[in-house]
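Open the model in your viewer and keep the selection panel handy.

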Amino acid sequence: MCSSDLDLTPELKNIRCPTLVMGCVHDAIRPPALAKGVADAIPGSRFIEVDSGHFMSLQTPELFAQHAIGFFRE
């Protein structure tokens, strides 16, 4: 089995920690609608759409840090 064949979607409902899901508007691999679906499957998670690409932490590290640090501070 290849890791790309592994579907953990049924497990998302079991996540119980605060979760931030960021959907990036320039992400052709995992577009915001797909990321929103992940957020919707995690109880109590928060979804935000950001102006970045698939590799947000590399492409826009300041934007990634801004949102991640803000989430952690809450």
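Start by selecting Leu 20, Met 22, Cys 24, Ile 48, Val 50, Met 56 and Phe 71. These 7 residues form the largest nonpolar core of this predicted model. Two elements, β1 and β2 (46–50), each give two or more residues to this core. The biggest share comes from β1, with 3 residues. In soluble globular proteins, nonpolar side chains tend to be buried together.

Now centre on Met 22. Which residues does Met 22 contact, leaving aside neighbours within four places in sequence? Show Ala 35, Phe 47, Ile 48, Val 50, Met 56, Phe 64 and His 67.

Next, select Val 21, Ala 35, Ala 39 and Ile 42. They are among the 5 residues of another core, which lies apart from the largest one.

The largest pocket has a volume of about 380 Å³. Of its 17 lining residues, pick Val 21, Met 22, Arg 30, Ala 35 and Val 38, the closest to the pocket centre. Then colour β1 (20–24) and α1 (32–41), the elements that give two or more residues to the lining. By class, the lining holds 11 nonpolar, 4 polar and 2 charged residues.

Finally, zoom out and switch to cartoon. Trace the protein chain along its sequence: the pattern is β-α-β-α-α. That makes 3 helices and 2 strands. The C-alpha atoms fill a box of roughly 35 × 30 × 20 Å along the principal axes. Of the 74 residues, 27% count as buried. Switch to surface view: the chain exposes about 5,300 Å², and carbon and sulfur atoms supply 60% of it.

Definitions and conventions:
Residues numbered from 1 in each chain as written. Predicted model: local features only at pLDDT ≥ 70, side-chain atom pairs only at ≥ 80, totals over all residues. Heavy atoms only, no water. 1 Å grid on protein atoms, 1.4 Å probe; cavity = no way out; pocket = protein on both sides within 12 Å on 5 of 7 lines; lining within 4 Å. Points joined across faces, edges and corners; volume = space filled by probe spheres on them. Helix = DSSP H or I, 4+ residues; strand = E, 2+ residues; numbered from the N terminus. Nonpolar A, V, L, I, M, F, W, Y, C, P; charged D, E, K, R; others polar. Core = buried A, V, L, I, M, F, W, Y, C linked by side-chain atoms within 4.5 Å. Buried < 20%, exposed > 50% of the residue type's maximum accessible area, 1.4 Å probe, protein only. Contact = heavy atoms within 4.5 Å. Areas by Shrake-Rupley, 256 points an atom, 1.4 Å probe, with all protein chains shown as cover.
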